[in-house]
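Colleague: Could you take me through this model feature by feature, giving me the general idea before the particular case?

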Amino acid sequence: MQLVCPAGSLPALKAAVRQGADAVYVGFRDDTNARHFAGLNLDDKQLENGIAFAHQHNKHVYIAVNTYAQPEGWSRWQRAVDQAADLGVNALIAADPGVLAYASKHHPQLNLHLSVQGSATNAAALAFYQERYNIKRAVLPRVLSLAQVKHVASQTSVPIEVFAFGSLCIMAEGRCHLSSYLTGESPNLCGVCSPAKAVRWSNEEGELTSRLNDVLIDRYSEGESAGYPTLCKGRFMVNGQRFHALEEPTSLDTMDLIPELAKIGVSAVKIEGRQRSPAYVEQVTRVWRAALDSYRQAPEQYKVEPIWQQTLAGLSEGSQTTLGAYHRSWQ
Amino acid sequence: MKLSLGPVLFFWERDTLMQFYADMAEQPLDIIYMGETVCSKRRSLSLDDWLGLARDMQQQSKAQVVVSGLTLVEAASELSSLKRMCNNGEFLVEANDMSAVQFLSTLKVPFVGGPALNIYNGHTLAEFIACGMQRWSPPVECSAHIISSALQQLDELGVARPEVEVFAYGHLPLAYSARCFTARSENRPKDDCDLCCIKYEEGIPLLSQEGQALFTINGIQTMSAEVNNLLADFPTLRNTGVDIARLSPRAQGMADVISAWDKVRQGQQAPLAVQGCNGYWHGRPGMVSAEEVGLC
């Protein structure tokens with residue numbers, strides 16, 4: 001199984017390569033990718049440097065052009081695809097069928113990976129992208145149980161990549177408009193969820209409160225740890241009860257599942273977090289490299305080392321981890 | 001402007017559904033969508049029951065009957081049931097997942113592209129039209145501007161426009177998850193949900209800790225708390241190139257909603273403002289009312 005790691009900057013890309021990522025995925029500095037955050041992503045020169053660095057180390061670079069093109073911005077998406085091809089990336093990660101069609105027509109030599117934002121959760125959907133756009137890999141949304149991943153993988157010849165670690169979308173990727181409902185900006189169209197510019201922290205009556213476009217997402221008493229107000233991770237009122245009605249602030253961690261994912265025939269595991277620091281990328285990549293190598297060397301003896309878990313737990317949102325939808329009881 | 005009745009997004013008892021559609025058969029509707037689009041565990045009607053009801057509706061009403069497919073298709077059983085729906089041979093199908101697009105385009109039968117398909121621009125529209133899409137219901141977050149620009153882009157590509165159907169009334173379907181939030185709110189695991197969503201005929205309100213209504217929990221689907229209502233925007237619907245206004249079923253008062261829309265499309269002046277939200281249509285956060293924030 002390949003290890004695919006995130007980079008939102010050149011130092012993060014280099015850290016991932018040095019720590020043993022098989023591939024690093026990046027994005028351009030605009031709304032053509034699903035991590036369109038201020039100050040994040042690589043400019044043209046950094047991309048050239050980063051790709052050269054990775055290729056010198058025999059590692060791959062993928063570029064994500066994985067938002068849905070707005071009609072007036074179409075030329076931006078077109079240019080992003082052309083530029084990715086010119087840069088010599090090893091794969092383009094895309095979701096919009098219009099973008100995939102353009103890439104497959106104009107750059108037939110460019111490997112296409114279906115982004116998780118493409119929401120393909122079954123073999124028939126994968127067949128659509130394979131037959132029309134000749135995709136060489138697909139990233140599955142984080143909504144499938146392990147048994148469902150296994151079934152999908154058995155029914156398709158498209159190599160499968162799954163999310164292994166990082167922030168967890170509770171909703172099917174590409175199928176969530178909650179952010180635009182509150183703020184006007186969504187992952188599909190703008191490459192952001194719960195955008196930072198809509199966030200306001202304040203102290204109200206002794207409690208720390210987080211708001212998104214003035215909507216109260218959560219309030220914390222003294223001593224409670226506060227997280228970024230991603231709207232699906234707030235505490236809300238349902239039937240008179242206050243709780244994390246959609247999802248707790250938690251991270252996906254599937255290190256326990258490495259043997260099962262390998263047996264299913266998963267081609268690549270993906271680490272989430274292009275928005276995270278180079279130090280984060282470095283630590284997560286190192287630990288995942290160690291785990292994958294340990295499994296490869298002695299599959300029967302594989303077990304998760306406590307030190308790996310400790311390292312990952314310290315890096316996780318809310319310091320909690322979950323197997324997510326892979327484990328049916330979570331659903 | 002045609003009026004359509006969207007699929008029922010909530011889980012209702014069989015008798016409730018039968019009575020609802022008996023009432024709807026009498027309404028001035030041009031298109032009626034039928035079928036379970038949210039959760040395959042909701043089986044007050046089986047696929048065969050839905051097809052039977054669709055046949056009855058076709059007899060009783062002048063409306064075109066369309067069957068709507070599931071949106072989040074995960075299990076093998078869901079995929080095979082969807083395939084059977086696509087193969088029905090009688091009714092137009094609304095595709096809400098790429099699997100349905102794959103089945104229908106392979107069969108070379110025309111279809112409706114539902115709001116859960118991510119079609120946001122003219123180039124993507126052309127791809128789906130090439131697969132057989134004859135009617136486009138844009139994602140609910142699309143503004144009038146995005147829709148008209150996408151259609152213009154399609155014109156420039158020399159591709160004939162599909163019919164355009166906008167989600168004009170009802171709780172907006174905003175998100176889909178593997179997790180069932182209704183079961184979660186009752187502390188039940190999804191595999192032992194006891195179909196508890198049957199108790200909530202219009203879902204469960206989700207409020208902020210300050211009591212602001214934000215969302216509606218409807219099983220694995222999260223909807224808007226506010227009812228999206230574009231009746232006051234009727235003139236711009238027409239100017240944008242919208243052919244069909246989709247009215248999404250609610251538990252009460254649908255006949256009145258349809259009647260209000262019918263009067264306006266017959267020439268009565270559209271109201272200056274209505275209750276509910278219409279922010280998306282105006283390119284703003286979906287939850288806002290453009291009239292209230294001074295956009296109109």
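The dialogue below moves from domains to the chain contact, then to helices, strands and single residues.

Modeller: Before we start, this is a predicted model, in which local features need pLDDT of at least 70 and side-chain atom pairs count only at pLDDT 80 or more, while totals for chains, interfaces and linings use all residues. Residues are numbered from 1 along each chain as its sequence is written, and chains are lettered from A and ligands numbered from 1 in the order in which they are written.

Colleague: Into which domains is chain A divided?

Modeller: Domain bounds come from an automatic or database domain assignment. In chain A, domain 1 covers 2–168 + 250–330, and domain 2 covers 178–243. The centres of domain 1 of chain A and domain 2 of chain A, taken over C-alpha atoms, are 27 Å apart. Their contact involves 13 residues from domain 1 of chain A and nine residues from domain 2 of chain A, where two residues are in contact if their C-beta atoms, placed from the backbone, lie within 7 Å.

Colleague: How many residues of chain A are in contact with chain B?

Modeller: On the chain A side there are 54 residues, in contact with 53 residues of chain B. Among the elements of chain A that each supply at least two residues to this side are helix H4 (97–106), helix H5 (123–133), strand S8 (171–176) and strand S12 (236–238); helices (H or I, at least four residues) and strands (E, at least two) are DSSP runs, numbered from the N terminus. By class, the side of chain A that touches chain B has 30 nonpolar, 17 polar and seven charged residues, with Ala, Val, Leu, Ile, Met, Phe, Trp, Tyr, Cys and Pro counted as nonpolar, Asp, Glu, Lys and Arg as charged, and the others, Gly among them, as polar.

Colleague: At what angle do H5(A) and H4(B) cross?

Modeller: Two packed helices are described by the angle between their axes and the distance between the axes. Here H5(A) and helix H4 (residues 98–107) of chain B cross at roughly 65 degrees, with axes that come within 7 Å; axes are lines fitted to C-alpha atoms, for helices over the stretch in contact, and angles run from 0 to 180 degrees between N-to-C directions. The residues that make this contact include A:Ala124 and A:Phe128 of H5(A), and B:Met98 and B:Phe103 of H4(B). By class, the residues of the contact of H5(A) with H4(B) are seven nonpolar, two polar and no charged.

Colleague: In which sense do S12(A) and S8(B) pair, parallel or antiparallel?

Modeller: Strands of a sheet pair through backbone hydrogen bonds, either parallel or antiparallel. S12(A) and strand S8 (residues 204–207) of chain B are antiparallel, over two bridges, and two strands pair if DSSP finds at least two bridges between them. Across this pairing, A:Met237 has B:Leu207 as its bridge partner in S8(B).

Colleague: Which strands does S8(B) lead on to within chain B?

Modeller: S8(B) is joined to S9(B) by four bridges in the antiparallel sense, with B:Leu206 and B:Phe215 as bridge partners. The hairpin of S8(B) and S9(B) has five residues between the strands, and B:Gly211 there takes a positive phi near 85 degrees. S9(B) also pairs with strand S10 (residues 221–229) of chain B, antiparallel and over four bridges, and B:Ile217 stands opposite B:Thr222 in S10(B). In the hairpin of S9(B) and S10(B), with two residues between the strands, B:Gly219 has a positive phi near 65 degrees.

Colleague: In what order do the strands of the open sheet in chain A lie?

Modeller: The order is S9-S10-S11 (chain A), three strands with antiparallel pairing. Strand S9 (199–204) and S11 of chain A are the edge strands, each pairing on one side only. Strand S10 (residues 207–212) of chain A pairs with S11(A) over five bridges, and A:Leu212 has A:Val215 as its bridge partner there.

Colleague: Is A:Val158 buried or exposed?

Modeller: A residue is buried if 20 or more other C-beta atoms lie within 10 Å of its own, exposed if 12 or fewer, and partly exposed in between, with C-beta atoms placed from the backbone. A:Val158 is buried, because 21 other C-beta atoms lie within 10 Å. A:Val158 sits in the loop between H6 and strand S7 (160–167) of chain A, and, not counting residues up to four places away in sequence, the residues it touches include A:Leu126, A:Ile135 and A:Arg137.
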